[in-house]
Amino acid sequence: MTLIGLLLGLVVNAAIYKLIVFLAKGDASFQQLFSAVLFITPVTIVGTIISHLSIILFHVPKNTTITSLNALIQTSGPWHAVLANIDLFVIWNLVLTGFLLMKVGHISPRITWTIIGFFYLLSIIFQYVGTAITISVSWG
């Protein structure tokens, strides 16, 4: 089941990149973008493995990612989730995605980094708001 989810995620990722490349007036086929997604996916997998191993081997709390700022700065609530999103592997993945859009999608660097920055900022905002709503509902 996990393998099916991974494959579906790869296809959806490539489709989203295809839409971004199309909207940014770039040029890349779905196959090229899918191949590029396959190239950068191991970064996410390695980050996930490191997080799970730290939980198992070092008894790190499940809501703490040792490669993120939430491991260094102890806080609670929505900010804990935001700091978890400021992660070495997340940022590495974003940089590789930027190069993917520039090299494979033929999008200008200025547009590429604007898109990457916008989506990263949006993900942090959603992380904060989503966690705040979850906390308020569970305390409600």
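Trainee: Where does threonine 64 lie?
Mentor: In this predicted model, threonine 64 sits in the loop that runs between α2 (30–58) and α3 (78–85).

Trainee: Is threonine 64 buried or exposed?
Mentor: Threonine 64 has a relative accessible area of 11%, and because the cut-off for buried is under 20%, threonine 64 counts as buried.

Trainee: What does threonine 64 touch, not counting residues up to four places away in sequence?
Mentor: With those neighbours set aside, threonine 64 touches Asn70, Ala71 and His80. As for histidine 80, its C-alpha atom is 8.4 Å from that of threonine 64, while the two residues are 16 apart in sequence.

Trainee: What about proline 61, where is that found?
Mentor: Proline 61 is also placed in the loop between α2 and α3, and with a relative accessibility of 46% it counts as partly exposed. If you take valine 43 as a reference point, 18 residues away along the chain, the C-alpha atoms of proline 61 and valine 43 are separated by 22 Å.

Trainee: How much of the chain counts as buried?
Mentor: Of the 140 residues of the protein chain, 33% count as buried. The protein chain exposes about 9100 Å², and carbon and sulfur atoms supply 75% of that area. On the contact side, if you take contacts between residues at least 6 apart in sequence, 51% of them join residues at least 24 apart.

Trainee: Now helix packing. At what angle do the axes of α2 and α4 cross?
Mentor: The axes of α2 and α4 cross at roughly 170 degrees and come within 10 Å. Because angles over 145 degrees count as roughly antiparallel, α2 and α4 are roughly antiparallel to each other.

Trainee: Which residues make that contact?
Mentor: From α2 the contact uses Gln32, Leu33, Ala36, Val37, Ile40, Val43, Thr44, Val46, Gly47 and Ile50, and from α4 it uses Phe89, Trp92, Asn93, Leu96, Thr97, Leu100 and Val104. Sorted by class, the contact of α2 with α4 has 12 nonpolar, 5 polar and no charged residues.

Trainee: Last topic, rings: how many aromatic pairs turn up in the whole structure?
Mentor: A search of the whole structure finds 5 aromatic pairs. One of them joins phenylalanine 89 and tryptophan 92, which form a tilted pair, with 5.9 Å centre to centre and 35 degrees between the planes.

Trainee: Why are phenylalanine 89 and tryptophan 92 separated by about one helical turn?
Mentor: Phenylalanine 89 and tryptophan 92 are 3 residues apart in helix α4 (residues 88–104), and therefore about one helical turn separates them. Phenylalanine 89 is buried, with a relative accessible area of 10%, whereas tryptophan 92 is partly exposed, with a relative accessible area of 43%.

Trainee: What about the rings of phenylalanine 99 and tryptophan 113?
Mentor: The ring centres of phenylalanine 99 and tryptophan 113 are 5.8 Å apart and the planes stand at 90 degrees, so that pair is edge-to-face. The pair links distant parts of the chain, since phenylalanine 99 is in helix α4 and tryptophan 113 in helix α5 (residues 109–139), 14 residues apart. Phenylalanine 99 counts as partly exposed at 41% relative accessibility, and tryptophan 113 counts as partly exposed at 34%.

Technical notes: Residues numbered from 1 in each chain as written. Predicted model: local features only at pLDDT ≥ 70, side-chain atom pairs only at ≥ 80, totals over all residues. Heavy atoms only, no water. Phe/Tyr/Trp six-rings, centres within 6.5 Å; stacked < 30°, edge-to-face > 60°. Helix = DSSP H or I, 4+ residues; strand = E, 2+ residues; numbered from the N terminus. Buried < 20%, exposed > 50% of the residue type's maximum accessible area, 1.4 Å probe, protein only. Contact = heavy atoms within 4.5 Å. Areas by Shrake-Rupley, 256 points an atom, 1.4 Å probe, with all protein chains shown as cover. Axes fitted to C-alpha atoms, helices over the stretch in contact; angles between N-to-C directions. Parallel < 35°, antiparallel > 145°, perpendicular 65-115°, else oblique. Nonpolar A, V, L, I, M, F, W, Y, C, P; charged D, E, K, R; others polar.
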